[in-house]
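Please look over the following structure before reading the questions.

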Amino acid sequence: MSSPTAPTSLRRSLGLWAIVGLGLGYMTPMTVFDTFGIVTGETNGVVPSAYLFALVAMVFTALSYGRMTRVYPSAGSAYTYASETIHPNVGFLVGWSSLLDYLLLPLVNALIVRLYLESFFPQVPGWIWVVGYVAAITAMNLFSMSSTSKVNGVLVAFQIVLIGVFVALTWAALNAGAGTGTAFSLTPLFHSGVHLAAVIGGATVVCFSFIGFDAITMYTEEAKDTRTVPRAIVLALMIGGTIFFVAAWFAQSRFPTLAGFDFTDDTLPEIALKTGGLLFQILFISAAVAAAVASSLASHASVSRMIFVMARNGSGRVSRLLSYVHPRFRTPSTAVLLVGAVSLLAAAFTLEFVSSMINFGALIAFTVVNATVIIHFAIRRKERKGAAQIVRNIVLPGIGMLLTGVLWANLHLDALEYGIVWLTIGIITLLVLTRAFRKPLRVKLDEDGDAAIVTREGAPAAETAR
């Protein structure tokens with residue numbers, strides 16, 4: 001499809017804060033208010049504790065992502081790390097599992113926007129909003145990654161400003177005697193009747209909010225300096241986690257229980273109305289729409305990069321098509337269009353059905369990335385001499401594996417069922433691609449497409465020189 005002179009690499013146009021902004025856009029800070037009612041009921045009124053548990057689990061995983069992206073500075077994230085560290089077949093299944101979550105996130109955002117617009121314009125068929133919205137998001141990702149990051153930055157800033165206004169209004173209400181009567185009460189963190197199992201159950205819901213910091217690794221090949229990616233991962237996680245925790249703390253302080261709420265499945269509109277009146281509600285819902293747009297831009301961009309990398313490591317017409325880089329825009333255009341096509345399913349699916357499948361593959365990927373740190377540093381490189389190396393290469397990623405494993409084990413039954421079905425399809429696909437494991441998968445790490453590394457049993461076999 002492309003000539004020998006056609007570009008095979010992506011344009012390096014993203015600085016540190018552009019990448020951090022894309023991560024925050026992916027994480028969608030406003031979701032803390034959408035899921036507040038669900039998590040309040042799940043945890044018996046300690047939403048901040050659920051976010052804190054999820055944040056701690058994600059911090060260990062973020063450190064592992066940062067270390068592995070230095071080892072393999074290529075787009076592809078957990079797929080690349082597992083392929084190179086464990087085995088290409090394992091990497092494929094990890095990538096396949098993650099693909100379910102990444103591919104569904106742009107669809108979820110399109111679905112949420114459809115629901116918002118249908119509530120305002122019930123006479124307009126929902127599919128019209130979906131087609132128009134998906135077309136706009138796809139076009140922005142197709143034409144320019146730098147433009148995508150700039151628009152995303154504005155939308156993320158709008159969300160943060162509105163959350164800041166919410167905190168200020170809530171502070172004033174608490175001082176006037178509303179809710180717990182003070183912002184310094186520990187009731188939002190712990191009180192009688194709260195159990196660890198319930199907090200972990202709430203954490204499995206809110207960890208959906210943290211999916212995004214790992215997607216930053218997808219922009220490695222578009223970073224001006226690949227050394228900024230590990231910093232961007234930690235920065236995005238810590239900034240996003242702080243926003244989630246503070247917003248949840250003030251929301252729980254102001255509304256210790258769900259008494260007075262008419263709808264607990266999505267409490268954002270009522271929280272806004274009870275906090276600042278009709279005008280603030282309009283602005284807050286506008287910020288929620290902005291959050292969906294920002295998340296759409298970031299998630300659409302990252303999953304298309306994942307498809308691009310997985311296809312680049314394959315062979316045949318389909319792989320060549322999906323790994324095609326547009327000669328002018330230097331974006332993975334076919335992959336971008338494919339994600340847009342899948343997102344059109346938002347016209348037919350329900351939010352409950354799609355959201356139930358989101359966390360399955362992401363938590364598998366998080367667990368495996370922690371494992372790759374142990375395998376690469378402690379086992380392969382034998383860096384386990386002395387307390388410092390043992391802590392860094394075994395203990396910290398081991399804790400990350402344990403915590404993400406606990407979250408995965410506590411997923412809702414529907415998520416596990418749908419996820420296992422998707423994983424089974426991936427295993428069948430792998431059997432076809434490898435002819436029942438008789439043909440090894442090929443892994444190409446060079447972002448310029450010049451070096452082809454063929455692996456057998458997970459070890460480099462040949463590499464062409466630049």
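What follows is a set of questions and answers on this model.

The model is predicted, so local features need pLDDT of at least 70 and side-chain atom pairs count only at pLDDT 80 or more, while totals for chains, interfaces and linings use all residues. Residues are numbered from 1 along each chain as its sequence is written, and side-chain values use heavy atoms, with hydrogens and water left out.

Q: How many helices and strands does the chain have?
A: Helices (H or I, at least four residues) and strands (E, at least two) are DSSP runs, numbered from the N terminus. For this chain the secondary structure comes to 17 helices and three strands.

Q: What percentage of the residues of the chain count as buried?
A: Buried means under 20% relative accessible area, exposed over 50% and partly exposed in between, with a 1.4 Å probe and protein chains only. The chain has 466 residues, and the buried part is 55%.

Q: Of contacts between residues at least 6 apart in sequence, what percentage join residues at least 24 apart?
A: Contact means heavy atoms within 4.5 Å. Among the contacts in the chain between residues at least 6 apart, the part that joins residues at least 24 apart is 80%.

Q: How are α6 and α15 oriented to each other?
A: Helix α6 spans residues 88-120 and helix α15 spans residues 358-380; their axes are 7 Å apart and the angle is about 135 degrees. Axes are lines fitted to C-alpha atoms, for helices over the stretch in contact, and angles run from 0 to 180 degrees between N-to-C directions. Angles under 35 degrees count as roughly parallel, over 145 as roughly antiparallel, 65 to 115 as roughly perpendicular and the rest as oblique. The two helices are therefore oblique.

Q: Which residues of α6 and α15 make the contact?
A: On the α15 side they are I358, N359, F360, G361, A362, I364, A365 and V368. On the α6 side they are V94, S97, S98, D101, L104, L105 and V108.

Q: Which residues does N89 touch?
A: N89 lies in helix α6. It counts as buried because its relative accessibility is 16%. Not counting residues up to four places away in sequence, N89 touches L430, T434, F437 and L441.

Q: Which residues of α5 are buried?
A: Helix α5 covers residues 78-85 and is mostly covered, with eight of its eight residues buried. They are A78, Y79, T80, Y81, A82, S83, E84 and T85.

Q: Why is the pair of F255 and F261 edge-to-face?
A: Rings of Phe, Tyr and Trp (its six-membered ring) pair if their centres lie within 6.5 Å; planes under 30 degrees apart count as stacked, over 60 as edge-to-face and the rest as tilted. By this rule the count is 17 aromatic pairs. The ring centres of F255 and F261 are 5.3 Å apart, and the pair is edge-to-face because the planes are at 75 degrees.

Q: With which residues is T267 in contact?
A: T267 lies in the loop between α10 (228-254) and α11 (268-312), and T267 is buried at a relative accessible area of 0%. Leaving aside neighbours within four places in sequence, its contacts are F33, D34, F36, G37 and F261.

Q: What is the phi of A436?
A: A436 is in the loop between α17 (413-433) and β1 (442-443). Most residues other than glycine have a negative phi. A436 is not a glycine, yet its phi is positive, at about 60 degrees.
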